[in-house]
Amino acid sequence: MNALRILPGLVLGLAVFAAADVRGEDRAPEPAEYRTRDYRAPTPAGLAGARVVSTAEAELLWQGGMAVFVDVMPHAPRPANLPPGTIWRDKPRLNIPGSIWLPDTGYGELAPVTEDYLRNNLKRATGGDRTKLLVIYCLRDCWMSWNAAKRTLSMGYTNVAWYPDGTDGWTDNLLPVVEAQPTPGPGN
């Protein structure tokens with residue numbers, strides 16, 4: 001009789017354990033090149049040359065002031081075809097306090113001016129120290145952060161952390177966010 005009471009709990013426990021690994025199974029394989037389309041899709045489990053950080057790890061780095069946090073969420077420009085007199089309101093971007101927001105730097109292909117914008121602002125944020133820890137993020141299942149972290153590595157930065165859960169993971173854990181403005185540069 002006691003075994004019958006334990007069996008449903010055991011089955012439920014095994015189901016929860018098996019489901020916990022489902023996200024890992026749905027991960028995309030790590031490509032050799034930048035992702036150039038379908039940016040909101042499952043991302044790889046890792047990025048060669050970078051460390052992957054969880055929300056708990058990102059929080060510790062943030063609390064300790066041990067890293068530069070770089071938000072790469074795209075910024076929607078004012079549509080060029082809006083009729084005169086139309087009021088345009090930017091959608092607010094809430095990011096991790098203290099971050100720099102370098103929008104549009106996570107696309108698979110960057111115009112030279114956008115790549116320079118990324119390079120110059122990373123240099124400014126790190127004081128030119130390519131060993132300074134950079135935490136690159138966007139949203140969960142967003143290739144923008146993966147691309148930007150990969151590009152940061154290609155620029156010679158050696159201490160790059162990719163935070164794949166981004167502000168979704170951050171806010172899911174009830175951590176603070178602030179309204180952000182893009183770092184001035186091309187198109188913003």
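How many disulfides does the structure hold? The structure holds zero disulfides, a disulfide being a pair of cysteine sulfur atoms within 2.5 Å. In general terms, a disulfide is a covalent bond between the sulfur atoms of two cysteines. The sulfur of Cys 138 has its closest cysteine sulfur in Cys 142, at 3.2 Å, which is too far for a bond, and Cys 142 is accordingly in no disulfide. Both residues count as buried, Cys 138 at 0% relative accessibility and Cys 142 at 4%, where buried means under 20% relative accessible area, exposed over 50%, and partly exposed in between, with a 1.4 Å probe and protein chains only.

The model is predicted, so that local features need pLDDT of at least 70 and side-chain atom pairs count only at pLDDT 80 or more, whereas totals for chains, interfaces and linings use all residues. Residues are numbered from 1 along each chain as its sequence is written, and side-chain values use heavy atoms, with hydrogens and water left out. The mean pLDDT (the predictor's confidence in each residue, from 0 to 100) is 88 for the protein chain, and 86% of its residues reach 70 or more. Over residues 3–23, however, pLDDT stays under 50, and for this stretch the model has three contacts beyond four places in sequence, a contact meaning heavy atoms within 4.5 Å.

The secondary structure of the protein chain comes to six helices and seven strands, taken as DSSP runs numbered from the N terminus, with at least four residues of H or I for helices and at least two of E for strands. Five strands form an open sheet in the order β1-β6-β5-β2-β4, with parallel pairing; two strands pair if DSSP finds at least two bridges between them. Strands β1 (51–52) and β4 (100–101) stand at the edges with a single partner strand each, so one side of each is left without a neighbour in the sheet. Within this sheet, β5 (residues 134–137) and β6 (residues 160–163) pair in the parallel sense over four bridges, and Ile 136 stands opposite Trp 162 in β6. Helix α3 (residues 55–63) packs on the sheet, where it touches β1, β2 (68–71), β5 and β6, and its direction makes about 125° with that of β2; axes are lines fitted to C-alpha atoms, for helices over the stretch in contact, and angles run from 0 to 180 degrees between N-to-C directions.

For the chain as a whole, 39% of the 188 residues count as buried. Among contacts between residues at least 6 apart in sequence, 77% join residues at least 24 apart.
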